[in-house]
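Work through the exercises below with the model open. Each task is followed by its solution.

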Amino acid sequence: MTYNRKKNTRKSFYYYCRLLHIYSSTALFTLLMFFCLSGFFLNHLDIFGGQHTDEQIEIALTEFGVGFTQAELDSIAQGKGSKPLEQILAGLHGYGHMPKAKSVEADVEMGELIIDFDLPAGYATAVISVESQMLVLDYRQGDWLAVINDLHKGRHTGAVWSWVIDLSALLMILFALTGLVVLFQNRRQRGTATWLLIAGSVTPLIIYIAGVPRVG
């Protein structure tokens with residue numbers, strides 16, 4: 001009875017490992033291809049670095065339903081809040097999927113408020129002028145290749161994409177570990193695969209020691 005229970009437990013373990021391996025690999029297929037290809041692109045930025053374009057948009061503050069006074073600018077310079085600024089930021093947030101502001105800086109002497117945004121494969125800077133009551137948005141935007149490269153790095157891609165990267169990494173670990181379990185269940189390929197596993201683990205270390213520049 002004890003032997004049969006152990007045998008059944010082992011069979012169930014391998015069964016669920018096979019299921020996890022199959023389903024994690026299918027769920028990961030697109031993301032795995034994406035990160036493999038974008039990793040190749042990043043390794044050859046001279047060819048696959050992508051292109052960038054610089055654009056400028058002028059928006060009247062009336063489009064946000066606010067005016068911006070010197071008193072508002074002084075208030076922001078003193079670290080106080082500003083309802084017009086909140087309204088402008090909320091309006092910009094919905095303007096072409098703009099992210100939240102990275103920084104807000106008041107230039108009291110120039111009568112300007114400068115707002116910086118981080119974007120994947122680019123950036124944006126909004127300058128609000130008290131005198132003209134205009135917002136000038138300068139931004140740099142990358143093409144699809146530049147955006148893919150930054151998506152791979154998670155550079156300025158936001159919290160949601162960061163979760164995608166984390167989840168992908170965890171699923172890849174699960175995919176790899178369950179693959180090993182499935183492999184070691186198979187006696188015929190176990191020996192060769194074990195040597196390949198050792199070679200695949202040791203070779204990058206040898207290449208790093210022998211061929212990667214470093215100090216010390």
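**Exercise 1.** Is Phe48 buried, partly exposed or exposed?

This is a predicted model, in which local features need pLDDT of at least 70, side-chain atom pairs count only at pLDDT 80 or more, and totals for chains, interfaces and linings use all residues. Residues are numbered from 1 along each chain as its sequence is written, and side-chain values use heavy atoms, without hydrogens and water.

Take the cut-offs: buried is under 20% relative accessible area, exposed over 50%, partly exposed in between (1.4 Å probe, protein chains only). Phe48 has a relative accessible area of 23%, so Phe48 is partly exposed.

**Exercise 2.** Sort the residues of helix α4 (residues 83-93) into buried and exposed.

Helices are DSSP runs of H or I, at least four residues, and strands are runs of E, at least two, numbered from the N terminus. Pro84, Leu85, Ile88 and Leu92 are buried. Their directions fall within an arc of 100° down the axis of α4, so they line one face of the helix. The arc is taken from the helix axis to the C-beta atoms. On the other side, Lys83, Glu86 and Ala90 are exposed.

**Exercise 3.** Which partners does the side chain of Asp150 reach?

Start with the location: Asp150 is in helix α5 (residues 144-153). Asp150 is buried because its relative accessibility is 5%. Now apply the polar contact rule: N or O atoms within 3.5 Å, one able to donate a hydrogen and the other to accept it within protein; residues adjacent in sequence count only if both atoms are side-chain atoms. The side chain reaches the backbone nitrogen of Ala121 at 2.5 Å. A polar contact with the side chain of Arg155 spans 2.8 Å.
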